[in-house]
There are 2 protein chains.
Amino acid sequence: MSEEDIWVTFQPYGKRVRVKRGTNILEAARLAGVFIPSLCGGRGLCGKCRVKVSNESSLAKPDPSEAALLGADAGPFRLACRAVPRASISVEIPPESMASAPQILVNGTDWEITIDPAVSKFHLRLEPPTLEDPAADFERVRGALSKLGVEITEYGLQTLRDGPQVLRDSGWEVTATVWDSRRLIRIQPGDTSSSLYGVAVDVGTTTVVCQLVDLTTGKTVQSESILNPQIPYGEDIVTRLSLSRKSPSDEQTLHKVLVEGISSMIQNCCRRQGIDPEDVLEVSVVGNTVMHHMAMGLPSSFLGESPFSPVMKRGIDLTARDVGLALHPDTNIHALPTLAGYVGADACAVILASRIYEEKETSMAVDIGTNGEIVLGSERGLTTCSCAAGPALEGAHITFGMRASEGAIEKVRIDGERVVYETIGGGPPVGICGSGVIDAVAQMLLAGIIGREGRLRPHPRVRTRNGVKEFVLVEGKHTGMGRDIVVTQKDIREVQLAKAAIYTGASSLMDHTGNRPEDIQTVYVAGAFGNYIDFRSAKTIGLIPDIPIERLRFRGHAAMTGAKLSLFSRSPRQLAEHVAQKVRYVELTCTPGFNQRYMDATYLPHRDPSRFPSVRLPD
Amino acid sequence: MSEEDIWVTFQPYGKRVRVKRGTNILEAARLAGVFIPSLCGGRGLCGKCRVKVSNESSLAKPDPSEAALLGADAGPFRLACRAVPRASISVEIPPESMASAPQILVNGTDWEITIDPAVSKFHLRLEPPTLEDPAADFERVRGALSKLGVEITEYGLQTLRDGPQVLRDSGWEVTATVWDSRRLIRIQPGDTSSSLYGVAVDVGTTTVVCQLVDLTTGKTVQSESILNPQIPYGEDIVTRLSLSRKSPSDEQTLHKVLVEGISSMIQNCCRRQGIDPEDVLEVSVVGNTVMHHMAMGLPSSFLGESPFSPVMKRGIDLTARDVGLALHPDTNIHALPTLAGYVGADACAVILASRIYEEKETSMAVDIGTNGEIVLGSERGLTTCSCAAGPALEGAHITFGMRASEGAIEKVRIDGERVVYETIGGGPPVGICGSGVIDAVAQMLLAGIIGREGRLRPHPRVRTRNGVKEFVLVEGKHTGMGRDIVVTQKDIREVQLAKAAIYTGASSLMDHTGNRPEDIQTVYVAGAFGNYIDFRSAKTIGLIPDIPIERLRFRGHAAMTGAKLSLFSRSPRQLAEHVAQKVRYVELTCTPGFNQRYMDATYLPHRDPSRFPSVRLPD
């Protein structure tokens with residue numbers, strides 16, 4: 001703990017947070033994930049953020065404006081946004097503040113969060129202008145919001161242009177949407193304040209996922225995923241970066257196809273939900289650094305040149321107009337902070353969702369994807385690395401691979417010549433998703449159908465077609481499309497390469513930070529590869545280090561969860577900024593012996609079986 | 001003085017200003033036109049705004065962050081941006097702060113101003129990224145600026161997109177331009193910090209004037225004027241507003257032709273100055289409310305419907321991209337506040353330039369233009385009205401009328417049958433500008449060539465051509481184009497209508513506020529109608545009330561001066577906001593008897609000669 005740091009404890013939650021001296025109580029609360037209401041965005045204007053402090057001498061006296069808002073008998077009360085502790089302090093949130101916003105438990109996380117999005121709506125009934133009172137339209141709106149404690153200092157361009165007509169058409173009864181307590185981004189006729197939607201987007205190299213979220217309840221109401229529309233321009237990041245470096249117009253094309261894809265996903269979600277895309281009030285974007293830059297329209301070409309430095313590390317806010325998304329032009333698009341050239345906003349979101357930054361003991365988060373990331377550490381600090389796994393674990397580059405949707409085989413058991421499987425939705429299988437692929441390879445290994453080096457051996461279900469060896473997983477008569485579903489020798493090889501990349505990342509990061517498997521208290525496993533992953537299978541093939549099952553936690557699509565957290569509340573957004581500044585990045589491919597490590601890890605589970613004592617193979 | 005107000009006095013200048021309680025010393029200094037250096041824009045980060053306070057007990061104690069910046073032995077020193085006086089106070093600016101920025105005396109005003117524009121440049125030498133230090137490009141720029149006390153929180157979109165290439169091409173030695181101490185709006189290779197240009201634009205109904213200003217010296221280096229490119233769509237505001245109300249595409253056309261005209265003027269100025277239009281760092285726009293809205297691309301149609309309320313009254317900042325100007329897209333376009341539906345940012349600029357808001361005695365500013373404005377008042381308050389004068393006084397709608405440029409007759413004396421004149425530049429005449437027209441009509445009146453009702457009488461220089469009576473001002477053998485320059489009966493009628501509108505505005509506003517001519521201490525006369533105006537002629541025709549010559553002051557193109565003031569320094573900009581909130585607007589056309597007043601004022605100088613005792617006519 002640096003000498004500049006102090007502790008702020010929030011009661012009755014008992015949550016505490018370490019902050020730099022000079023941080024005010026409202027900022028500290030956001031970092032602690034504690035909700036304190038504020039309408040003015042912490043500018044000392046609305047007076048809503050009253051808190052009770054344990055020891056007034058730890059704080060400077062209120063300045064005149066704070067004193068005025070507190071009133072005569074303030075007693076131990078202070079405004080959280082104005083009060084800057086000089087020493088560690090305990091702060092009590094008054095009951096009326098605690099009750100004022102709904103709490104939600106975020107699916108698949110330990111987050112219990114108070115809904116406090118960056119966007120809020122205000123229903124206004126305005127006096128129409130008259131010759132006696134011809135005040136300007138936006139002075140009228142600003143004045144009404146100011147009475148509610150919200151001080152507008154910026155105006156969305158489209159809102160400036162459309163607002164006057166809306167005000168008149170609606171008979172001066174409108175709903176104003178305000179972003180970050182300061183920018184007016186929408187004026188809609190009537191009272192639309194009960195509808196509050198946001199969109200979270202995870203831009204993966206292979207898969208792009210978009211979820212429509214109801215910001216009043218925290219519920220995900222629609223979801224859609226597509227293959228990244230950049231794939232025709234290059235399957236992997238390196239190919240796309242070369243194209244981006246070729247010419248600005250190629251760079252522009254990659255940006256354009258991506259935002260068009262995202263726009264149409266959002267439009268589909270909105271159509272199914274029966275809302276207008278204009279009703280999407282904010283979008284939160286995560287993705288690896290290259291996808292993040294390409295989605296936001298930042299120059300990406302330098303990410304393809306050593307030393308791979310990103311354009312921007314901090315979170316970015318641009319408008320839909322700036323980004324090119326087909327939404328209301330003034331809608332804010334928030335991209336979470338990136339961590340390094342190859343560790344992006346998705347890793348930052350995974351850190352948020354897993355809360356690894358507040359673990360007392362060393363923990364690890366493994367985000368499995370075409371470009372995977374590993375984060376290792378605790379509240380004392382985090383280290384991260386990236387690994388180019390390729391798309392096999394997302395079901396791509398696999399003969400019968402598919403995304404985790406209806407009809408995908410997600411679980412496999414092999415019992416002699418019998419194959420037992422489960423599909424998503426329970427209907428006849430049409431392909432295999434990531435978790436099914438991992439299961440299938442693990443089961444073939446355990447059944448002796450493949451060896452440690454991954455080669456298919458003679459077996460009643462193994463055959464050769466067009467010179468390629470393959471394992472018949474499901475015969476055509478049982479499948480949804482009447483054709484056999486097989487796992488080929490090449491498919492197995494793809495899985496080996498992918499899992500070797502992830503394992504090498506995780507084990508190298510452990511070595512780099514001086515941790516052995518027994519030092520890791522918890523491993524959070526995340527990825528967009530399926531709804532489910534069998535930890536035993538993952539360990540059997542050597543995808544993750546051999547850590548006892550009870551210490552493994554599945555976090556599902558944690559990057560998406562992190563993106564949604566930052567839509568639900570400003571608190572995780574501020575926290576992400578804070579965490580991103582503190583994560584150290586290690587470039588593993590430059591470390592000596594990396595290639596040998598990688599080759600050794602392509603064995604199932606590893607060339608050195610002593611690394612996987614819990615995995616017992618037949619021979 | 002409201003109970004909430006206090007006085008802040010600045011030494012050694014002896015300037016004092018009345019401010020609302022809660023205003024900090026830096027804000028008060030800006031309102032007083034006193035320069036205090038600040039790099040962080042008043043956010044308590046840079047520590048540059050140290051001032052010495054007379055009475056510490058009038059201020060709250062410094063908070064921890066201010067205390068840290070002040071250091072241990074701060075003594076009577078405080079940070080101006082943090083210190084909020086509780087009572088009237090005297091503040092001393094330390095000598096080192098006074099010396100740090102150049103002072104200029106603004107032409108044609110009483111303004112002595114410290115150059116402190118909203119844009120500033122910083123020459124940066126950055127460490128290039130390495131594998132060991134692959135920090136993000138903009139973190140690098142932000143970090144370097146932060147060390148200089150400038151905290152960037154916003155990034156121009158184009159700068160985000162172009163910056164990374166510029167950084168690399170320049171070998172990481174660049175000049176960063178920062179707007180309002182917070183937004184990064186340009187990264188240029190090398191050291192361009194000695195070049196700092198801004199553009200001021202006055203968008204008149206008839207004439208659009210643009211001046212290129214060197215912001216390091218305060219000098220106007222190039223100037224250009226054009227007829228408003230909207231004129232083909234309607235000579236007067238009402239016609240253009242009808243078109244704007246017809247359809248959004250017509251409204252868009254009016255906006256487009258105007259910004260194209262302004263763009264090409266700026267480009268011409270830049271070309272003549274030998275700079276790139278990308279080097280224009282900020283643009284300041286004034287104009288009547290309709291021109292202001294149409295230039296900025298705000299909806300204008302409601303200005304054509306009762307109660308004529310504007311979209312926005314406060315100053316607006318949009319980017320060149322938003323406005324559609326052909327400059328660097330991130331350039332800020334600042335439009336000064338408007339005062340009412342028909343009293344615009346030009347009137348606000350005239351108030352700024354004339355400093356009528358700080359007069360102890362009642363004064364009046366008369367801005368003569370196609371849409372003229374009158375402001376009347378003192379430091380105790382201002383009242384304003386508008387008058388639709390038409391373009392005659394700008395030389396339009398006059399047979400040989402022209403703008404105030406080379407070859408325009410600007411002075412006229414009639415001595416019997418002889419006409420003596422002066423032209424701009426001294427060459428042969430090619431037409432008459434506004435001041436020449438006023439002189440000509442006044443001289444014809446004094447010579448008995450026209451009567452009080454404005455009709456031409458028999459005279460050796462009066463003739464009839466094509467059924468129209470006209471006065472031969474200059475015979476063809478003396479003119480630049482070989483044709484006679486004449487003043488027709490219709491021209492005289494146009495001048496009568498124009499001057500009647502201005503006089504009715506001025507006299508009605510005086511009546512409305514209970515002031516007689518003898519109560520008016522000073523009349524500031526302004527307009528884009530020429531370089532010069534003869535006050536005796538103006539009174540002779542009854543353009544301005546009969547106030548002694550020694551109380552009249554010519555302020556030239558004061559709207560342009562106000563626009564330039566707000567480029568030179570943030571102080572007048574803040575002041576404009578402050579003043580605009582306090583000006584009361586009177587809609588004179590709705591007052592009883594207005595039409596009769598106007599008809600009476602069409603006489604020369606007036607139907608009631610007792611209103612102009614100083615004007616003695618021949619009969």
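**How the copies meet**

Of the interface residues of chain B, 100% are also interface residues in chain A, so the two copies meet through the same surface. Please bear in mind that this is a predicted model.

What relates the two chains? Chain B is superposed on chain A by a rotation of 180°, with 0.0 Å of shift along the axis and an RMSD of 0.1 Å. That is the relation of a two-fold axis. Which residue of chain B comes closest to the rotation axis? It is K61(B), whose C-alpha lies at 3.7 Å.

Let me now consider chain A by itself. Chain A contains 16 helices and 29 strands. Its C-alpha atoms fill a box of roughly 90 × 55 × 45 Å along the principal axes. For 619 residues, a compact globule would have a radius of gyration near 25 Å, and the 27 Å of chain A agrees with this. Buried residues make up 53% of the 619 residues in chain A. Among the contacts in chain A with a separation of 6 or more, 66% are between residues 24 or more positions apart.

I close with a hairpin in chain B. Strand β24(B), residues 462–465, pairs with strand β25(B), residues 468–474, in the antiparallel sense over four bridges. Within this pairing, V462(B) has F471(B) of β25(B) as its bridge partner. Two residues lie between the strands of the hairpin, and N466(B) takes a positive phi near 50° there.

Methods: Residues are numbered from 1 along each chain as its sequence is written. Chains are lettered from A and ligands numbered from 1 in the order in which they are written. This is a predicted model: local features need pLDDT of at least 70, side-chain atom pairs count only at pLDDT 80 or more; totals for chains, interfaces and linings use all residues. The radius of gyration is taken over C-alpha atoms; the globule rule is 2.2 Å times the number of residues to the power 0.38. A residue is buried if 20 or more other C-beta atoms lie within 10 Å of its own, exposed if 12 or fewer, and partly exposed in between; C-beta atoms are placed from the backbone. Two residues are in contact if their C-beta atoms, placed from the backbone, lie within 7 Å. Copies are superposed by least squares on the C-alpha atoms of residues with pLDDT of at least 70 in both. Two strands pair if DSSP finds at least two bridges between them.
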